[in-house]
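Thank you all for coming. Please take a moment with the sequence and the model on the screen, and then I will walk through them.

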Amino acid sequence: MFGKRPSGNAAVKTVDDAPSPVEKQKQKQEQEQEASSAKAPPANRQRSDSASDAYYETKSTIFNALFETIDVSALAGMQPDAAREEIRTIVDEIIAIRNVRLSIVEQKQLISEICDDILGYGPLEPLLMRDDIADIMVNGYKNVFIETDGKMEKTNIRFRDNQQLMNICQRIVSQVGRRVDESSPICDARLLDGSRVNVIAPPLAIDGPTLTIRKFKKDKLTLEDLVGFKSISPAGAKVLQIIGACQCNIVISGGTGSGKTTLLNCLTAFIHPDERIITCEDAAELQLQQPHVVRLETRPPNLEGKGKVTMSDLVKNCLRMRPERIIVGEVRGPEAFDLLQAMNTGHDGSMGTLHANSPREGLARLESMITMGGFSLPMRTIREMIVGSVDIVIQAARLRDGSRRITHITEVLGMEGDVIVTQDLLLYEMDGEDADGNIIGQHKSTGIARPAFWDRARYFNLEKELAEALDAAGED
C-alpha cells in the first residue's frame, strides 16, 4: 500500500485482509443498485450531460479526503494500472464511510475522473483519447471547446476550479522541460505524442488559464489521405510527390489551422531514406518517417533569464551538422535569413512553413522577416536571395465550411526589375456550395507543360512522371 497515514475519513486495507463489515454492506448496496439500474430505461443509467454543481462538490470533497490518505509520491513509482487500482479501492471506501449517495454509473465516472486528475491530464483525458478531435480549447475552468470536422462546439467538460486547470497546464509543460507561472505566463510546449500546446496564464489571461492543444492523428496522414479528403486531386498529389522527391526547396504557406504541418509531414515521406534530415522547431511536432532524422527544439530562458536558444541559433548550428535537408517547423523571425542561406548553399530540398494568405504574400513575409531581423540589406538583394533559394511555394487554406484545401502550387521563376516573377502550376477553383453548405470546387492545371524545375526532375529521372501528372491535371 501507499497509505500515508490512517485516517478517520477512509479505511485502508491490504490485499490479504478479509472484507470488513463496511465493505460487505457496500457490496450488498452495489448489487441492489445494479439490479435496479438494469430495470431502469437506458437514459436513466447515465449522468446528465450538464453535470450539476453538487456532483463537482462531491467530487472535490472525496478528492480532498483521498489526498489526506494517500502518499502521492509513492504513486510515481507504480505502474499506471496498479496505481489506478489502488486509488479505486480507497475512493470506494471513502464513498462507503461518508455514505455518499451516487449511482453505479456516477461512482464509476467519479473514480475514473479522480484517477485522471492524479495520474493523467484530468478532464482532458477523454478528449485526448478521441482521434476525431483536431483542437481542444480551454477558456478557464468552466469552458472547454473542441473542433471536429472543421466545426467548433462546446463540451460539457469542466475543471474543478482554475487551480486544477493551472496544475494540469504545469504538468504538461514540465514534461518537456518548460514552465508556466506568473513570471513566465506564456508557454509553447507539446504533449508526448507531438501534439502542440500553448498556455497563457493569469495575469495575462483575465478569465483564468487558457490552454490550446492542436492534436495530431495517431495514424500519420499521407498524400493518399489528402486525396481522399479532397484536399488535392490525384494528379496534383503526384506533382507534389515529384516536387518532394527531386529536392526542390519548398515553402508551405497558409493561415492558422490550414494544415501546413500536416502537408509538410506528407511531403517528407518522399525524401530518400539515405538523406540526413535535421528539423528545427519551437515545439517538436513533425513526424518524419525516415531513419536518419535529427530533431532540434528551441529552449526558453531559465529563471535567471539566461540559456535561451532561438530558432536562428538552431538553423545556424544545422550547417555544422552535415545536413542534406533542413526542415524548419515554422519560420516566423530572423531565422528566415539563415534558412534562405542554407537553401542557397547546397542543402537542396530544404523546407519550411510560414503564415500567409497567398504565395506572393508568403514571399513578401520572407522579405519582412529578414528586414525585421536587423539585416541592413537592399530590398533587391533580399529578393534575389529569395529567388535563388525558394523553388516552390505551396499554399494551404482552410475554407469557410471547415475543409482544408491546397489552393496553389506556385513556382518562383526569377526577377523582372525589382519584382519577383512567379507562375502557378495548379490552382483550386471554387464552383459554389451544395445544399449542406459544403464548398464544391476542383483543382485545375494552368496549362504549364514544362515547369522551371523540369531539369531537376530530369536529373532524378522523374521527367516522364512529371509530364504525365501535369497532363492528367489538365484533364481533371
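This is a predicted model: local features need pLDDT of at least 70, side-chain atom pairs count only at pLDDT 80 or more; totals for chains, interfaces and linings use all residues.

The accessible surface of the protein, computed by the Shrake-Rupley method with a 1.4 Å probe, comes to about 23,500 Å², and 49% of this belongs to carbon and sulfur atoms. Residues are numbered from 1 along each chain as its sequence is written, and side-chain values use heavy atoms, with hydrogens and water left out.

Of the 476 residues in the protein, 46% are buried, meaning under 20% relative accessible area with a 1.4 Å probe and protein chains only. The secondary structure comes to 16 helices and 15 strands, which are DSSP runs numbered from the N terminus (H or I, at least four residues, for helices; E, at least two, for strands).

Nine strands form an open sheet with mixed pairing, in the order 9-8-10-11-7-12-13-14-15, where two strands pair if DSSP finds at least two bridges between them. Its edge strands, each pairing on one side only, are strand 9 (293–297) and strand 15 (439–445). Within the sheet, strand 7 (residues 250–254) and strand 11 (residues 351–355) pair in the parallel sense over five bridges, and I252 has T353 in strand 11 as its bridge partner.

Finally, which residues of helix 13 are buried? They are P359, G362, L363, L366, E367, M369 and I370.

How values were computed
Buried means under 20% relative accessible area, exposed over 50%, partly exposed in between (1.4 Å probe, protein chains only).
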